[in-house]
Amino acid sequence: MFPVLLILLRPNYSTKKPQKTTKMAGNRTFTMLKPDATIANNSGAIIKMIEEAGFRIIAMKKTRLSSELAGKFYEIHKERSFYGELVNYMSSGAIVPMILEKANAVEDFRKLIGATDPKKAEPGTIRALFAKSIDANAIHGSDSDANAEIEGSFFFSQFERF
Ligand code: RTP
Ligand code: MG
C-alpha cells in the first residue's frame, strides 16, 4: 500500500496515457536504387551500407517505372537538357524505392551517396563504389524534407510504411 501511495503522491504523477510523440521533421528521406544497381545485383550490398549507416527501412519494394511515371517523378528537371535521357534511363529497368528514417535523414543520406557524378564522389560513398556514370549513378536521394515526403508518397501508401 505504502509504495502505491508514494507513486500517487509524486508531483508529476498522471493517470493520462503518455502522449504519442509527434514525428520530428526531417527524420525521413526517400531513396531509389537505379536500374544499373539492380541489374548488377548490387541491391543487397547498397542496402547493407544504408542500414550500417544507421538508416531504418520504413518502406521498400522492387518495381519498374513506365516512361510516363519516370517523367512525372523527375518533373522538377523538365526544362533541363538531360531530362529525356534521365526519363529513358529511369524506365529502362527495375528500381528499388525506399523510405528511410534517421535523425537528419536528408542531409546525412546525401553525404552517404556522394556527388551526382561518380568521378566527383567522395571515396567510400555509394556512388563512388557502385555508380557507372552520371546517368547510371546507382541511387537517388531526396534533396529536401518536402521532396522526401512528396517522393515517398509517390510510391507508398500509409499502409505500406512500418
Ligand atoms: P538524384 O536526384 O537522382 O538523387 O540525383 P542528384 O540529386 O544528385 O542530381 P539531380 O541534379 O537531381 O539530377 C537527377 C539525375 O539526373 C542525371 N543528371 N544528368 N548529364 C547531366 O549533367 C546530368 N545531371 C544530372 C543524374 O542521373 C542525376 O542523378
Ligand atoms: Mg536530385
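**Entry 1: the ligand shell.** I began with ligand 1 and sorted the residues of its shell by class, which gave 3 nonpolar, 5 polar and 2 charged residues. I noted that the model is a predicted one, and then listed the shell by name: H77, F82, L86, T116, I134, D135, N137, H140, G141 and D143 surround ligand 1.

I then looked at H77, one of the residues of this shell, and found it in the loop between helix 4 (67-73) and helix 5.

**Entry 2: the overall course of the chain.** I counted 8 helices and 5 strands in the protein chain, and read their order from the N terminus as α-β-α-α-β-β-α-α-β-α-α-β-α. Of the 162 residues in the protein chain, 28% are buried. Among contacts with a separation of 6 or more, I found that 69% join residues 24 or more positions apart.

**Entry 3: the partners of strand 4.** I next followed the pairing of strand 4 (residues 94-101), which runs antiparallel to strand 1 (residues 28-33) and is joined to it by 6 bridges. Within this pairing I noted that T31 has M98 as its bridge partner in strand 4. Strand 2 (residues 56-60) also pairs with strand 4 in the antiparallel sense, over 4 bridges, and here I57 stands opposite L100. Strand 3 (residues 63-64) is joined to strand 4 by 2 bridges, again antiparallel, and the bridge partner of R64 in strand 4 is A94.

**Entry 4: the nonpolar core.** Which residues have the most contacts inside the largest nonpolar core? This core has 28 residues, and I found that I46, L100, F109, I126, A138 and I139 have the most contacts inside it. At least two core residues are supplied by each of strand 1, helix 3 (43-52), helix 5 (83-90), strand 4, helix 6 (105-113) and helix 7 (126-130). The largest share, 5 residues, comes from helix 6. As background I wrote down that nonpolar side chains in soluble globular proteins tend to be buried together.

**Entry 5: one side of helix 6.** I listed A105, V106, F109, L112 and I113 as buried in helix 6. Why do they lie on the same side of helix 6? They cover an arc of only 125° around the axis, and therefore share one side of the helix. Among the elements that cover the buried residues of helix 6, I noted strand 1, strand 4, helix 7, strand 5 and helix 8. Just after helix 6, I found G114 with a positive phi of about 85°.

Entry 6: Where does N41 lie? I located N41 in the loop between helix 2 (35-39) and helix 3, and its phi is positive, near 60°. With 8 other C-beta atoms within 10 Å, N41 is exposed.

A138 likewise is not a glycine and has a positive phi, of about 70°, and I placed it in the loop between helix 7 and strand 5 (139-141). A138, however, is buried, because 26 other C-beta atoms lie within 10 Å, against a cut-off of 20 or more.

**Entry 7: a buried glutamate.** I ended with E151, which lies in helix 8 (residues 145-155). Is E151 buried or exposed? I counted 22 C-beta neighbours inside 10 Å, so E151 counts as buried. Leaving aside residues up to four places away in sequence, E151 touches F30 and S142. I also noted that E151 and F73, although 78 residues apart in sequence, are 7.4 Å apart in space from C-alpha to C-alpha.

Notes. Residues are numbered from 1 along each chain as its sequence is written. Chains are lettered from A and ligands numbered from 1 in the order in which they are written. This is a predicted model: local features need pLDDT of at least 70, side-chain atom pairs count only at pLDDT 80 or more; totals for chains, interfaces and linings use all residues. A residue is near a molecule or strand if its C-beta atom, placed from the backbone, lies within 6 Å of it. Ala, Val, Leu, Ile, Met, Phe, Trp, Tyr, Cys and Pro count as nonpolar, Asp, Glu, Lys and Arg as charged, and the others, Gly among them, as polar. Two strands pair if DSSP finds at least two bridges between them. A nonpolar core is a set of buried Ala, Val, Leu, Ile, Met, Phe, Trp, Tyr and Cys residues joined through C-beta atoms within 7 Å. A residue is buried if 20 or more other C-beta atoms lie within 10 Å of its own, exposed if 12 or fewer, and partly exposed in between; C-beta atoms are placed from the backbone. Two residues are in contact if their C-beta atoms, placed from the backbone, lie within 7 Å. The arc is that of the directions from the helix axis to the C-beta atoms.
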